[in-house]
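Here is a short report on one protein model and its ligand. Look over the sequence and the structure before reading on.

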Amino acid sequence: MKTRVTDMLGIAYPIMQGGMAWVAEYHLVAAVSEAGGMGLIGAGGAPAEFVREQIRKVKERTGKPFGVNLMLMNPEADAIARVIVEEGVKVVTTGAGNPGKYLSAWKEAGVKVIPVVASVAMAKMMERAGADAVVAEGTESGGHIGSATTMTLVPQVVDAVSIPVIAAGGIADGRGLAAAMMLGAEAVQLGTRFIVARESIVHDNYKQKVIAAKDIDSEVTGLSHGHPVRQLRNQMTREYLKLEKGGAPFEELEQLTLGALRKAVVEGDVVNGTLMAGQIAGLVHEEQTCQEMILEIMEQAEGLLKLQ
Ligand code: TUI
């Protein structure tokens, strides 16, 4: 299944791994890339030097293409943008903001730039600024989200830009990949399914919550202050939503979530931690290696698209 995205990135399959904070560290990234997909280090809120170490560790494990996701609210975003160039990273995706100010430096260094967008307007702005592709991410996704669904966003972005579009949000199997291709996407980005990859260092408590999740087990917190985050329902979301409904100020809500993703991923605290996951968690049933996941997705999608 060759597309402009597989050609541009030099990958075998049109499958990218979401740049999930804390989750997408070097073990997962190297495994996805080794399996023929596109692994992406999730810089999240990490310091620049930590990201540099992660890049070097991925390089030790695979010679295949990989990238870095820069979460633009990171206070060290400027320094990470420089590390990406210094370490010769070939692909960068960005999230949670507008990467405009980094584009010229990255382009000059030959880095392929793929902003994650949640609207047509942002996709057009990024194309004008010189982006090589965009990830159109629907509200089904885990983590920080926009409001448009993948089904509506992807074809509208495809019609609005000439650069390749990668679909994200609500995709976890070959049916999702085939559907995304039908909407005009040239690759997909998966997050939730890779949380439970064998190579993922996510605490088993968190993995089991994703595996047990059903279709309507996620909640969106933070809508009232403009930072909606999708995560699995637990005591933390119940408490948060109660406070939010009562009009609690942003600072109080922020206290509740400070360090909560780390608590879930590293410590396995599924009660007070933030279990970011997408709506497709209900379709994720088992821990598998990245290679098993990717080959299964490709076989299913190719069968549906009658390519074999
Ligand atoms: O970035 C994501 N997903 C994320 S980032 C993240 S880290 C975090 N942790 C705790 C609380 C909040 C965040 C977890 N999940 N996805 C890509 C994405 N980007 N979705 C939506 C956007 C986006 C939003 C606004 C992109 C651009 C944008 O534009 C704002 C502007 O400046 O115009």
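## The ligand and its surroundings

A polar contact is a pair of N or O atoms within 3.5 Å. The model is predicted.

Which polar atom of glutamate 137 lies 3.1 Å from a nitrogen atom of the ligand, side-chain or backbone? A side-chain atom of glutamate 137 does. For alanine 96, a polar backbone atom is 3.0 Å from a ligand nitrogen. The protein buries 68% of the 710 Å² that the ligand exposes when taken alone.

In total, 13 residues surround the ligand. The closest are Ala96, Gly97, Val116, Glu137 and His144. Sorted by class, this shell holds seven nonpolar residues, five polar ones and one charged one.

## Salt bridges: lysine 107 and aspartate 132

How many salt bridges does the model have? The count comes to 15. One of them joins the side chains of lysine 107 and aspartate 132, at 3.0 Å from N to O. Lysine 107 sits in helix H5, residues 103-108. Aspartate 132 sits in the loop between helix H6 (120-129) and strand S6 (134-137). The two are 25 residues apart in sequence, so the pair ties together separate parts of the chain.

Are the two partners buried or exposed? Lysine 107 is partly exposed, with a relative accessible area of 35%. Aspartate 132 has 14% relative accessibility, so it counts as buried. The cut-off for buried is under 20%.

## Two more links across the chain

A salt bridge also joins the side chains of arginine 193 and glutamate 296, at 2.9 Å from N to O. This pair links distant parts of the chain, 103 residues apart. Arginine 193 belongs to helix H9 (residues 192-195). Glutamate 296 belongs to helix H14 (residues 290-304). Arginine 193 is buried, with a relative accessible area of 7%. Glutamate 296 is partly exposed, at 38%.

Lysine 207 and glutamate 287 form another such pair, their side chains meeting at 2.8 Å, N to O. Here the partners are 80 residues apart and again link distant parts of the chain. Lysine 207 lies in helix H10 (residues 204-212). Glutamate 287 lies in the loop between helix H13 (260-265) and H14. Lysine 207 is buried, with a relative accessible area of 4%. Glutamate 287 counts as partly exposed, at 28% relative accessibility.

Some salt bridges share partners. They join Glu49, Arg52, Arg56, Lys59, Glu86 and Glu87 into one network.

## Serine 224

Where is serine 224 found? It is in the loop between strand S10 (218-221) and strand S11 (229-232). Serine 224 has a relative accessible area of 53%, so it is exposed. The cut-off for exposed is over 50%.

Leaving out residues up to four places away in sequence, serine 224 touches Glu244 and Leu253. With glutamate 244 there is a polar contact, side chain to side chain, at 2.7 Å. Lysine 245 is 21 residues from serine 224 along the chain. The C-alpha atoms of serine 224 and lysine 245 are separated by 8.5 Å.

How values were computed
Residues numbered from 1 in each chain as written. Predicted model: local features only at pLDDT ≥ 70, side-chain atom pairs only at ≥ 80, totals over all residues. Heavy atoms only, no water. Helix = DSSP H or I, 4+ residues; strand = E, 2+ residues; numbered from the N terminus. Buried < 20%, exposed > 50% of the residue type's maximum accessible area, 1.4 Å probe, protein only. Contact = heavy atoms within 4.5 Å. Polar contact = N/O pair within 3.5 Å; in protein donor to acceptor, adjacent residues only side chain to side chain. Near = heavy atom within 4 Å. Areas by Shrake-Rupley, 256 points an atom, 1.4 Å probe, with all protein chains shown as cover. Nonpolar A, V, L, I, M, F, W, Y, C, P; charged D, E, K, R; others polar. Salt bridge = Lys/Arg side-chain N within 4 Å of Asp/Glu carboxyl O.
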